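Thanks for coming, everyone. Please bring the model up on your screens. I'll go through it place by place.

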Amino acid sequence: MAITYELIKTCKQTGARLGKVHTPHGSFETPMFMPVGTLATVKTMSPEELEQMGAQIILSNTYHLWLRPGEDIIQEAGGLHNFMNWNGSILTDSGGFQVFSLSDLRKIEEEGVHFRNHISGEKLFLSPEKAMHIQNALGPDIMMAFDECPPYPAEHKYMKDSVERTSRWAERCLEAHQRPHDQGLFGIIQGGEYEDLRRQSAQDLTSMDFPGYAIGGLSVGEPKDVMNRVLEFTTPLMPDQKPRYLMGVGSPDSLIDGSIRGVDMFDCVLPTRIARNGTLMTSEGRLVVRNAKFARDFRPIDENCDCHTCRNYSRAYIRHLVKANETFGFRLTTYHNLYFLLNLMRQVREAIREDRLGDFRDEFFEQYGFNKP
Ligand SMILES: CNc1nc2cc(C(=O)NN)ccc2[nH]1
Ligand SMILES: [Zn+2]
């Protein structure tokens, strides 16, 4: 069975929608945040802990797994689910973003992209066909088309050529897709900040009938109001009976603002990455637990959080572990940050059910300390 989307209801106060995505490894309600497990692990978390905190779909990176351990080993293990013992859904990206963000030495041709391994420097080549071959071997529930994620800002002429090549590459990905029945392939809409190019990209891709669509090329350094403007004119161009996935977005305010503009799925390394340097997301804003003021603070990280970390450990203890570079400290901070975002999405879904996501946004922004528009 492939990927299907069920639109449950639209928020009467905003453009947000409550939905459900069905995959071969289970269904999940949307809007939903996907923890990132780049190398077939959400760093420091066990699959049991991910399940316990309410994660239902995680992301893994094709580029990284191709280099290490190699898709052949994962295929021999029976695919990513078996290899990492995760029974929920998995989405793999295509490597498009890594090629353009990790490797500066690259040459883009019609056939594909020549670049260097960001670790060893060896010459590499990725094409739509190669990216599909690797993802078919990894065996996720959802795969992403191979595209170009251009830098921000980019000239309109460059972006137009890039969008047209990305559309040709999307066609080639569909051609090369080996397992359409048990692996959904999402197309990626590009076009940068240009409304005419986002429209052209959306028209090209929606004419190819993918089971879901992503909005790429954002969260690449553009101001938040540019992202929000691009979402405002892009989501209405996307089919409303299919999932809409905004790639690389995961700060609390962007998750809420993206949901309000009709986005259903999000992923970002932010919560796990900042956890590893002791920065916590709390309902009152960010908390840097290394700060000396927490040395004798025996309250939980967030008094409004009921996660495992906040129910059992204090700021003073976590500060001590983080300063001593104790692994357990980073497990506690990671668990809390992921729980915080998964719980935020639960509250967003609840607010959509009750047609009050606009009010929720104002309350959350006020308490978290985000400046209101
Ligand atoms: C962290 N920011 C961020 N932007 C992204 C864009 C893409 C994309 O356009 N892929 N084709 C993927 C991941 C991203 N992560
Ligand atoms: Zn917590």
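Predicted model: local features only at pLDDT ≥ 70, side-chain atom pairs only at ≥ 80, totals over all residues.

Now the polar contacts. Look at Asp 147. An N or O atom in its side chain sits 2.7 Å from a nitrogen atom of ligand 1. Next, Gln 190. Here a polar side-chain atom is 3.0 Å from an oxygen atom of the ligand. With Gly 217, the backbone takes part: one of its N or O atoms is 2.8 Å from an oxygen atom of ligand 1. How much of the ligand does the protein cover? On its own, ligand 1 has 370 Å² of accessible area, and the protein covers 87% of that.

On to helix packing. Take H7, residues 156-176, and H8, residues 195-206. Their axes are 10 Å apart, at an angle of about 10°. An angle under 35 degrees counts as roughly parallel, so H7 is roughly parallel to H8. From H7, the contact uses His 156, Met 159, Lys 160, Val 163, Glu 164, Ser 167 and Ala 170. From H8, it uses Asp 196, Leu 197, Gln 200, Ser 201, Asp 204 and Leu 205. By class, that contact of H7 with H8 has five nonpolar, four polar and four charged residues.

H14 brings Phe 340, Leu 344, Gln 347, Val 348, Ala 351 and Ile 352 to the contact. H15 brings Leu 357, Phe 360, Phe 364 and Tyr 368.

Now some backbone details. Most peptide bonds are trans, and most residues other than glycine have a negative phi. Where do we find cis bonds here? One runs from Arg 68 to Pro 69, with omega near 15°. Pro 69 is in the loop between helix H2 and helix H3. Another runs from Tyr 152 to Pro 153, with omega near -5°. Pro 153 is in the loop between strand E10 and H7. Then there is Thr 44, with a positive phi near 75°. Find Thr 44 in the loop between strand E4 and helix H1.

Last stop, Pro 300. That residue lies in the loop between strand E16 and helix H12. Leaving out residues up to four places away in sequence, Pro 300 touches Cys 310, Tyr 313 and Arg 315.

Technical notes
Residues numbered from 1 in each chain as written. Chains lettered and ligands numbered in written order. Heavy atoms only, no water. Axes fitted to C-alpha atoms, helices over the stretch in contact; angles between N-to-C directions. Helix = DSSP H or I, 4+ residues; strand = E, 2+ residues; numbered from the N terminus. Parallel < 35°, antiparallel > 145°, perpendicular 65-115°, else oblique. Contact = heavy atoms within 4.5 Å. Nonpolar A, V, L, I, M, F, W, Y, C, P; charged D, E, K, R; others polar. Polar contact = N/O pair within 3.5 Å; in protein donor to acceptor, adjacent residues only side chain to side chain. Areas by Shrake-Rupley, 256 points an atom, 1.4 Å probe, with all protein chains shown as cover.
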